[in-house]
Each structure stands twice: as C-alpha cells, then as structure tokens.
Amino acid sequence: MGIKQLAKLISDNAPGAIRENEMKAYFDRVIAIDASMQLYQFMIAVRQDGQVLTNEAGEVTSHLQGLFSRTIKMMSNSLKPVYVFDGKPPEMKSGELDDRRKKAAEAKEDLKKAEESGNKEDIQKFSKRTVRVTKQHSEDARRLLALMGVPFVDAVCEAEATCAALAASGKAFATATEDMDALTFGTPTLLRYLNAPESRKQPILEFDLKIVLSDLGLTKEQFVDLCILCGCDYCDRIQGIGPVKALTLIKKHGTIEKVLSSLDKTKNKIPENFNFVGARKLFIDPEITDPSTVELKWKDPDVDGLIKFLVDEKGFNDQRVRSSIERLKKSRKQSGQKRLENFFQVTTKRKAPPAKNGKKKKKKGKK
C-alpha cells in the first residue's frame, strides 16, 4: 500500500517537488529498484490474452520476460540499475499482509465465478488481483540478474528502506518504486513509473524529498508523523482523518502525540492497532542492509548461461534472446559516458576571518 494518497497530497501542496522526466535523463545514474514491486508490475503487464506468460511446463515467465527486457532498456539508456529484494517483513506489517492474503483469496473466488460465466473482462480483472510474487519468482530473478551481470542486494527487511539508505549514502542516486513510503524512509529522490508500459506513455515522476519538506513546511520527523496519519502498512488509520486533515493537524500541532490530545475522540475514533510509536521507529530507524557493506559492480553478461537458462530451461525464443543479449553487450560498451557534473567539483570560497577589533582585514596587493 505504501502511504495512502501521499502522491496527490504532494502534488496539491508541494508541486515544485515533482518533475517529469524521460529515462535517458538518468544516464550514468545508479538507480536502486524495489525488485518485488517491479516483478509484480511485470506479472501484471506482461501478458497474453489476459493471462500471465508460461512455458510448456506451466512455469510463469512473465516476470523474467519483463525483467530481462526492461533491464536491457534501462542499460541501453546508460542507467545503472541495482535491484533490492525484500527480506523478512517487520512484525508490525502482519496485519497488512493478512489483509492482502484475504483479498487474494476473495479474488480467487471471484475469478472462478468469472471463468464459469465466461466473462472475459472479469477474468482479466480478477486474475490480476490474484497475482503474487513468490519465493521462486524472486530466486529466478536473482539468477537472471547474475547472468546478465547486474548487481542485486538482499535487504534485511523492507526493500524500500534499504533502497532509501543506498540513495541517502550516495551509493545510488534514487529509489525506483511505486510505493511512496520510500520517501518516508528518507530516500532523497523517488522515481515512479520508471518501467511503466510504453503503451501508457507515462513520463517518469521524480519526487525531491528536500523540496517536499521545504514546501510543506515540515521537518523530517513531522513528515514521518504525517505519513503515519495518512495511512501506512504498519498501523490502522484514525477514523475521519484523511491526508489533507493530517497535514493541517501536523502543521498545527507538530507531533502525533499533540494531535491525539487535541482530537474529539467521539468523532475521531482511535483504532486499537494504532502503534504509531512503533511505526515511527520503523521509518526513522529501519532494519537495513548497511550501504557500506554493499559493493556494486556491473559485469559482462554470461551469454552461454543466459541461453541455457532462458531458452533451454524457460522456453524463450532463441533468436529473440540472442538479439537482446547483443543489445545488452552493446550497452555495456557505451556505459563509459559520464555526466557533466562528474568532471567538476563545486567549491566555496571561505571568508577571511574578521580582525580582532571587529574590522575586516584588508587584502595586501602585490607590489
């Protein structure tokens, strides 16, 4: 879920923090990508006749098709993708995960009814709602990335938190995900729709956290409290408080504790599962893979290994795979192009210290 309606709240109240871009604008940039989110999107988008792609053995291949082609597209635009995979979910997310499992079970029942009635539109709609990224899907993705020479990181906990840490440490330029909570975790830059289907013609949206905080008039800690009030994965929302009211309350009172003391509890019922202190700690001090231990290297692809995996094992078209590998090899050769700012170092002149009598020292001229 991420943070409920945060993108719209920023768009309405801090529009200067968002700008549209094309993929080529991020050449030579290291982009930390939420792998599970991307695999889920590929399984939704890469389909045939409304169904996920499978090979002759019945194994799902939509995620591999999407990962293979979109990664090559990024690298052909001189981006440097690094995929981050989810680790263990935090205990406070168990309620959200239970809700997702319940909705998935309901979608399966709806899909079964749609198939019995032969309603193609409903079949396509409910089949997308049953999509889940499994452990096997993630393992296949790791194997593919290793063969492509693309680095990946296994997060200790939430992928977005480690992505944000990589970006905040300078190991990456931005976090690419559709979940807005990457901003709550502190990524300086968030990219949405990086790998949106080309048919949508959706530009990439770049969110700048520094401008978000400045334009909303919030500190980082107040922004975290705002996100919790809007609705996050770790606790339920307060009845009657939406994003707009949440922003008003935080700007007025500063913290959730002071907001709670000001509320009329008959109108704004506090849910039993409102452990905002625990949620706040998860956002401000999350479990992450330490960026200092992460070494990012992009290597030449293992051509024979890719053919064996994609063609022999997964049933991909041999000619298409070989053609894609040539594009991948070409992108590796052109990856030496650097951004202009890499060649310049910004320096600031230090002011001369004032004289002891309070007057500035005069510069001595050359004779």
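Q: Leaving aside its neighbours within four places in sequence, which residues is Arg143 in contact with?
A: This is a predicted model, where local features need pLDDT of at least 70, side-chain atom pairs count only at pLDDT 80 or more, and totals for chains, interfaces and linings use all residues. Residues are numbered from 1 along each chain as its sequence is written, and side-chain values use heavy atoms, without hydrogens and water. Contact means heavy atoms within 4.5 Å. With those neighbours left aside, Arg143 is in contact with Lys308, Phe309 and Glu313.

Q: Is Arg143 buried, partly exposed or exposed?
A: Arg143 is found in helix H6 (residues 135–148); helices (H or I, at least four residues) and strands (E, at least two) are DSSP runs, numbered from the N terminus. Buried means under 20% relative accessible area, exposed over 50%, and partly exposed in between (1.4 Å probe, protein chains only). Because its relative accessible area is 35%, Arg143 is partly exposed.

Q: How far apart are the C-alpha atoms of Arg143 and Gly305?
A: Along the chain, Arg143 and Gly305 are 162 residues apart. Their C-alpha atoms are separated by 9.8 Å.

Q: What is the order of the strands in the open sheet?
A: Two strands pair if DSSP finds at least two bridges between them. The open sheet has seven strands with mixed pairing, in the order E1-E9-E8-E7-E2-E5-E6.

Q: Which strands are the edge strands?
A: An edge strand here pairs on one side only. The two are strand E1 (18–21) and strand E6 (152–154).
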